[in-house]
Amino acid sequence: MKAVLVKDQRLVLSEVETPAPKENEILIKVKAVGLNRADLLQRKGTYPSPKGWPEWPGLEVAGVVDSMGKEAEKSGKFKVGDKVCALVGGGGYAQYICVPFGMVMPIPKNLSFEEAATLPEAYATSYLNLFWEGHLKEGGTAFIPAGASGLASVAIPMAKAFGARVITSVLSDEIREKIKPLGADVIINSTTEDVAAVLKKEEEDGHPVNMSMDCLSGETLGKSMPYMAEGGYWVVISTLAGIETNILLRPLLTKGLHLVGSMLRKRSNEEKAQLLSELVEKVWPKIEEGKMKPSIYKVLPLSEANEAQDILERGENIGKVVLKVD
């Protein structure tokens, strides 16, 4: 089969051996792959696949069940020919991949393979950090910075679909206009506005932040935390804006705030299976009802994986970039 290998920090379409499923695995014939920023780090050698997964990138796929191991078949969850999507630890940039059956999900009704490929990583990450780690409740306020990112294009509508108020940030008024369809209640232009000052005003107006799903971190984190609601959760999922910040400990103490670090990739397969089960139960119906819709920026063939990743590197996408696999 063909897979996209990393060679000297470039992506090269190569021939590799087609895998065979273990007892608990499903072999998926891949039709589409969703791209994530973690793929860029993997290409640079700083974010390798976990043990047991292929060495090449790709964290979320959609395709068709090709074959199954005996345990996976006995589970009765899927049959050969089913349209599925899956969360994987690595190896999605390929024509086939073996996945433990607990990390495979049915595709929501009426979605294409390309749309379905945007779901597993981004939707699992959003659900994990909004609800498991961030304890977001209906009527609460979520701060989700970097509103133009592929992840925010999922997290903002997801939070809204579950009845939350959402504040986000972008780098320009032009981007603000582009992301308005996502439904955020407040969009901060962080180039011309001070994020912490806006969050302070929100608190004064009765809308303190109950949780943040923060991929930026850096200086803004420390400046903003004091304006959270009592018992709020600030969940750090990446550090794109810097690895250091100054935190005032008094508000942390008096408000009982929580600073949490969270990485989906480090979770066990059992935890991921539980998370994905909740996605199918609670989120898939909202997608099928039209309350949430995958946002795709561009679809490119697997052979153009370098260009696809370059789009992410340049930060030009609003929504997900997808690779189509022949």
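Q: What is the volume of the second largest pocket, and which residues are closest to its centre?
A: In this predicted model, the second largest pocket holds about 290 Å³ of space. Its lining is made up of 18 residues, and those closest to the centre are Glu25, Gly52, Trp53, Pro54 and Cys98.

Q: Which element gives the most to the lining of the second largest pocket, and how do the lining residues divide by class?
A: Strand S6 (residues 96-100) gives the most, with four residues. By class, the lining of this pocket has eleven nonpolar, three polar and four charged residues.

Q: What makes a space a cavity rather than a pocket?
A: A cavity is a space where a 1.4 Å probe fits but cannot get out, whereas a pocket is open. The structure holds one cavity of 30 Å³ or more, and the largest cavity has a volume of about 50 Å³.

Q: Which residues line the largest cavity, and what classes do they belong to?
A: The lining consists of Leu59, Leu87, Val88, Gly89, Glu121, Leu264, Arg265 and Lys272. Four residues of this lining are nonpolar, one is polar and three are charged.

Q: Why is helix H11 (residues 305-314) called largely enclosed?
A: Seven of the ten residues of H11 are buried, so the helix is largely enclosed by the rest of the structure. The buried residues are Ala305, Asn306, Ala308, Gln309, Asp310, Ile311 and Leu312. Among the elements that cover them are strand S1 (2-7), strand S2 (10-15), helix H1 (37-43), strand S14 (296-301) and strand S15 (320-324). After H11 comes Gly315, with a positive phi near 70°.

Q: What makes helix H4 (residues 120-133) mostly covered?
A: Of the 14 residues of H4, 13 are buried. Just after this helix, His135 takes a positive phi of about 55°.

Q: How do you know that strands S3 (residues 25-34) and S4 pair?
A: Two strands pair if at least two bridges are found between them. S3 and S4 have eight bridges, in the antiparallel sense, so they meet this condition. Gly34 stands opposite Glu60 in S4.

Q: Why is Asp8 called exposed?
A: The relative accessible area of Asp8 is 77%. Exposed means over 50%, so Asp8 is exposed. Asp8 is placed in the loop between S1 and S2, and has a positive phi of about 55° although it is not a glycine. Most residues other than glycine have a negative phi.

Q: Why does Asn110 count as exposed, whereas Glu115 is called buried?
A: Asn110 has a relative accessibility of 77%, and so counts as exposed, since the cut-off is over 50%. Glu115 has a relative accessible area of 15%; buried means under 20%, so Glu115 is buried. Asn110 lies in the loop between strand S7 (104-106) and helix H3 (113-116), and Glu115 is found in helix H3. Beyond residues up to four places away in sequence, Glu115 touches Asn110, Lys293, Pro294 and Ile296.

Q: What makes Glu174 exposed?
A: Its relative accessible area is 55%, and exposed means over 50%, so Glu174 is exposed. Glu174 is found in helix H6 (residues 173-179). Glu174 and Asn189 are 15 residues apart in sequence and 9.5 Å apart in space, C-alpha to C-alpha.

Definitions and conventions
Residues numbered from 1 in each chain as written. Predicted model: local features only at pLDDT ≥ 70, side-chain atom pairs only at ≥ 80, totals over all residues. Heavy atoms only, no water. 1 Å grid on protein atoms, 1.4 Å probe; cavity = no way out; pocket = protein on both sides within 12 Å on 5 of 7 lines; lining within 4 Å. Points joined across faces, edges and corners; volume = space filled by probe spheres on them. Helix = DSSP H or I, 4+ residues; strand = E, 2+ residues; numbered from the N terminus. Nonpolar A, V, L, I, M, F, W, Y, C, P; charged D, E, K, R; others polar. Buried < 20%, exposed > 50% of the residue type's maximum accessible area, 1.4 Å probe, protein only. Contact = heavy atoms within 4.5 Å.
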